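Let's go through this one by asking what backs up each label. Have the coordinates open while you read.

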Amino acid sequence: MTMKFVRSTMAVAGVATLALAMVGCSAAGGASSSAGSTEYTVWDPYPQHDASSDWAKRIDACGVDAGVTIKRTAYDSQSLTNQSLLAAQEGTAADVVLLDNPAVTTLADTGALNDMDSIGLDTSAIDPNLLGAGVLDGKTYGVPVGANTLALYYNKDILDAAGVDPATVKDWATLTAALQKVSTNGHKGITFAGFASEEGTFQFLPFFWGAGANLNKLDSTQAVSALTLWTDWVNQGLAPNSVITNSQNTTWEEFLTGDFGFVVNGTWQVNSASKAAFKTGYITIPAEAGGAAPAPTGGEFMVIPTQKDTARYDVSKKIVECMSTTAGQVKTADTFAYYIPATSAGQSALLVEHPELSVWVDAVKAAKGRTSDNLGANYPKISEQVYTAVQNALSGAMTPAEALKEAQAAAAAATTK
């Protein structure tokens, strides 16, 4: 998911549909069949970065370090996932692919990817919660290039006028109290994306997980509590009715009007926030009882597809290792609007350059992969029921409890086929 929600949209044809938010290209050639070849292929979801970009130059430099040249092909996220699956079936896979993290375990489940232990690639330095999106049945199938996630941006001018200190927002009760003060002072409390797509699930998960709910049990009392929170905000006028159709981009556009106290959005808006016509800041999304809620991780994993010529793996490993050094992760953070490095060393190095990103580092440390809990290819089936329940509750068609009971039944049926 090259999020700006770019990195979160994908579909895995013939396996599962991952409608993950924003970002078809013609098929590109896969790896050469010769282990002695000096050309290796890398596919990524960053078509906005052309051959003259810093990103492309980094890839080329890692090829030089490994003693090969690299042929890079950039797809949009959806096409990249589809192409990776097709290439695996045809035996034309690239040597290294950067996949949106929810697609990793789906492809791994088909046998299309190598696990990192079999390649001999050490992942011990990577934060376990970030590595979790690439774990299936106890095996790790990739290395994150970094991660982004969600937090709460706020309009400092509005909060000051309403007498709200963002530092006092510690849990759901204090967040709701802040929204009420903002509303009483003549502004709108909060906006978020409840759109019927993966974006809706992505934005709901910090509240769902922050209540202690689990994606294996959509109708738990904790899940009902989370959906009730959102529904109450809309019913009480603390959030607008537009959240039902809002994408993450439209929520940001609403926030930039200067009429909202808070917005749920991601790391990719840091630069935009700094250019807003009003003073902004950000805090982690609080869990129901306090502390940082686990928000979902966005971002890509570097994976090594299975090849007929297994002798190629050694060079592929060198390319991945080169791209995931501490310095490399900090460069990725700068290149992609502040991806947070996936290791403590990388995070510390980033904060030396950008101490203002400490809230985002905290958010990423508390984050969780959407396919964690060994959901694998079942995740998109469950996610569809989550965002459907959100729609049914926010629209008033069902109570939160009714919507989630129906969602659980549908998810159970879909995942036991």
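**What holds up, and on what grounds**

The count between domain 1 and domain 2 is one residue pair in polar contact, with both residues at pLDDT 80 or more. Keep in mind that this is a predicted model.

Q: Which parts of the chain make up domain 1 and domain 2?
A: The domain assignment gives 39-144 + 298-366 to domain 1, and 150-295 + 376-416 to domain 2. Their centres, taken over C-alpha atoms, are 29 Å apart. On the contact itself, domain 1 puts in 15 residues and domain 2 puts in 19 residues.

Q: How much area is buried between domain 1 and domain 2, and what share comes from carbon and sulfur atoms?
A: About 1300 Å² is buried between the two domains, and carbon and sulfur atoms give 69% of it. On the domain 1 side, Tyr338, Trp360 and Ala366 lose the most area to domain 2, together 45% of what that side buries.

Q: What makes Cys62 and Cys322 a disulfide?
A: The S to S distance is 2.1 Å, and the cut-off for the label is a pair of cysteine sulfur atoms within 2.5 Å. The structure holds one disulfide.

Q: Where in the chain do Cys62 and Cys322 sit?
A: Cys62 is in helix H1 (residues 54-66) and Cys322 is in helix H12 (residues 313-323), so the link joins distant parts of the chain, 260 residues apart. Leaving aside neighbours within four places in sequence, Cys322 is in contact with Cys62 and Asp65.

Q: Why is the disulfide of Cys62 and Cys322 called left-handed?
A: Because the torsion about its S-S bond is about -75 degrees.

Q: What makes Arg72 and Asp44 a salt bridge?
A: Their closest N and O atoms are 2.6 Å apart. The rule asks for a side-chain nitrogen of Lys or Arg within 4 Å of a carboxyl oxygen of Asp or Glu, so this pair passes. Arg72 belongs to strand S2 (residues 69-74) and Asp44 to strand S1 (residues 39-44), distant parts of the chain that are 28 residues apart.

Q: How many salt bridges does the rule count?
A: The count comes to eight.

Terms used. Residues numbered from 1 in each chain as written. Predicted model: local features only at pLDDT ≥ 70, side-chain atom pairs only at ≥ 80, totals over all residues. Heavy atoms only, no water. Domains from an automatic or database assignment. Contact = heavy atoms within 4.5 Å. Buried area = accessible area lost by both parts, 1.4 Å probe. Polar contact = N/O pair within 3.5 Å; in protein donor to acceptor, adjacent residues only side chain to side chain. Helix = DSSP H or I, 4+ residues; strand = E, 2+ residues; numbered from the N terminus.
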